[in-house]
Amino acid sequence: MKKPVVIALVVAGLVAAIGLGTLWYQSRQPEPLTLYGNVDIRTVNLSFRVGRRLQALKVDEGDALKAGQTLGTLDPAPYQNALLQAKANVSTAQAKYDLITEGYRAEEIAQALAAVNQAKAAYDYAQNFYQRQQGLWKTRVISANDLENARSSRDQAQASLKSAQDKLSQFRAGNRPQEIAQAKASLEQAQAQLAQAELDLHDTTLVAPTDGTVLTRAVEPGSMLNAGSTVLTVSLTHPVWVRAYVSERNLGDAKPGREILLYTDGRPDKPYHGKIGFVSPTAEFTPKSVETPDLRTDLVYRLRIIVTDADDALRQGMPVTATFDAGQPHE
């Protein structure tokens, strides 16, 4: 046999052996794990914390929202009036507190002192008169009634003096600690009511808590709303995740933090990227909404796959096929 023919046969045999070896190796490798799920986007029901007539609503269904954007307002007039009343109550309580803590004025103390001096003079006169009447009674110049009237006048003057002295002592000592504490408590209560009135007025404006899209506009301007009534339902821009399910035999591959490729019907050749963020600790039956070739009655574990490059094309409930990133080996 000629040498070139032998060489050709050897090369052909090597190629065939390499090909068969490659096919055998590939047949021994586990197939990439494929999961099935749906896009899950958080929604929030927005409402006013206070109730009144809806004055304006500035967004409609489908509008994109930015965090802090004003969405609507209630009629603020009742809350503006309540705020004015609360401010007046604070001013009144502050004045009462200042009056009590500062005590009595020097002029009031001087008047009380003058009243004491006047009462003292009246008492001294009544006491002297009573003593003179006692001397006359001993000589029977006056009657018993005259002596009794003098004693009564002396006692009344003494009581008036004691009352004036007590009032002067009160003015000099100032108000009692309990009265000051009560005035302070009244002031703090009025201040708390003012803070609540300011908050209520602030809450007549509804703002977007985060970026998102309006899904539902539940009411229209002019409606009377109770506190907490839903005004708008908003789909949040972030986070966006995929709710998927994995069987128990593949649970070891679904580790938190593992990268996942996500495919939708609209872009089968351009996957989204995500990471497993949560694995349910309890098993459940496969939901009927999940398109999977396995039996519906199989027990599976729920996964939450956070989409790291989500865009507006991902919509609530959209079916998604998830596969593990080829660059990461199975565990």
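Reader: How are the axes and angles of helices defined here?

Author: This is a predicted model. Each axis is a line fitted to C-alpha atoms, for helices over the stretch in contact. The angle is taken between N-to-C directions and runs from 0 to 180 degrees.

Reader: At what angle do the axes of H2 and H5 cross?

Author: Helix H2 covers residues 77–102 and helix H5 covers residues 177–202. Their axes come within 8 Å. The crossing is at roughly 160 degrees.

Reader: Are H2 and H5 roughly parallel or antiparallel to each other?

Author: Angles over 145 degrees count as roughly antiparallel. The axes of H2 and H5 cross at roughly 160 degrees. The two helices are therefore roughly antiparallel.

Reader: Is the crossing of H2 and H5 left-handed or right-handed, and how many nonpolar residues does the contact have?

Author: The crossing of H2 and H5 is left-handed. By class, the contact of H2 with H5 has seven polar and five charged residues, and its nonpolar residues number 15.

Reader: Is Ala88 buried, exposed or partly exposed?

Author: Ala88 is placed in helix H2. Its C-alpha atom is separated by 9.2 Å from that of Leu194, 106 residues apart along the chain. Buried means under 20% relative accessible area and exposed means over 50%. At 38% relative accessibility, Ala88 therefore counts as partly exposed.

Reader: What separates the C-alpha atoms of Glu108 and Phe171?

Author: Glu108 is found in helix H3, residues 106–138. Glu108 is partly exposed, with a relative accessible area of 26%. Glu108 and Phe171 are 63 residues apart along the chain, and their C-alpha atoms are separated by 7.6 Å.

Reader: How many helices and strands does the chain have, and what percentage of its residues count as buried?

Author: The secondary structure comes to five helices and 11 strands. Of the 331 residues of the chain, the share that counts as buried is 29%.

Reader: Which residues touch the most other members of the largest nonpolar core?

Author: The largest nonpolar core has 21 residues. The elements that give two or more residues to this core are strands E1 (34–47), E7 (230–247), E8 (259–264), E9 (267–285), E10 (299–307) and E11 (319–324). The residues that touch the most other members are Val242, Leu262 and Ile305.

Reader: Which residues does Leu262 touch, not counting those up to four places away in sequence?

Author: Leu262 is one of the residues that touch the most other members of the largest core. With residues up to four places away in sequence not counted, Leu262 touches Val242, Pro271, Tyr272, Gly274, Ile305, Val307, Val320, Thr321 and Ala322.

Reader: How many residues are in the other core, which has Val59 among them?

Author: This core lies apart from the largest one. Among its residues are Val59, Leu74, Val231 and Leu232. The count for this core is 19 residues.

Reader: Is Ser235 buried or exposed?

Author: Ser235 is found in strand E7. Leaving aside neighbours within four places in sequence, Ser235 is in contact with Ile41, Arg42, Thr43, Asp211, Gly212, Thr213 and Leu215. Under 20% relative accessible area is the cut-off for buried. Ser235 has a relative accessible area of 13%, so Ser235 is buried.

Reader: Is the peptide bond from His238 to Pro239 cis or trans?

Author: Most peptide bonds are trans. Pro239 lies in strand E7. The bond from His238 to Pro239 has omega near -5 degrees and is cis.

Reader: Which residues does Gly257 touch, not counting residues up to four places away in sequence?

Author: Gly257 lies in the loop between E7 and E8. Gly257 is partly exposed, with a relative accessible area of 42%. With residues up to four places away in sequence not counted, Gly257 touches Lys275 and Ile276.

Note on methods
Residues are numbered from 1 along each chain as its sequence is written. This is a predicted model: local features need pLDDT of at least 70, side-chain atom pairs count only at pLDDT 80 or more; totals for chains, interfaces and linings use all residues. Side-chain values use heavy atoms; hydrogens and water are left out. Helices (H or I, at least four residues) and strands (E, at least two) are DSSP runs, numbered from the N terminus. Angles under 35 degrees count as roughly parallel, over 145 as roughly antiparallel, 65 to 115 as roughly perpendicular and the rest as oblique. A crossing is left-handed if the near helix is turned anticlockwise from the far one by less than a right angle, and right-handed if clockwise. Ala, Val, Leu, Ile, Met, Phe, Trp, Tyr, Cys and Pro count as nonpolar, Asp, Glu, Lys and Arg as charged, and the others, Gly among them, as polar. A nonpolar core is a set of buried Ala, Val, Leu, Ile, Met, Phe, Trp, Tyr and Cys residues joined through side-chain atoms within 4.5 Å. Buried means under 20% relative accessible area, exposed over 50%, partly exposed in between (1.4 Å probe, protein chains only). Contact means heavy atoms within 4.5 Å.
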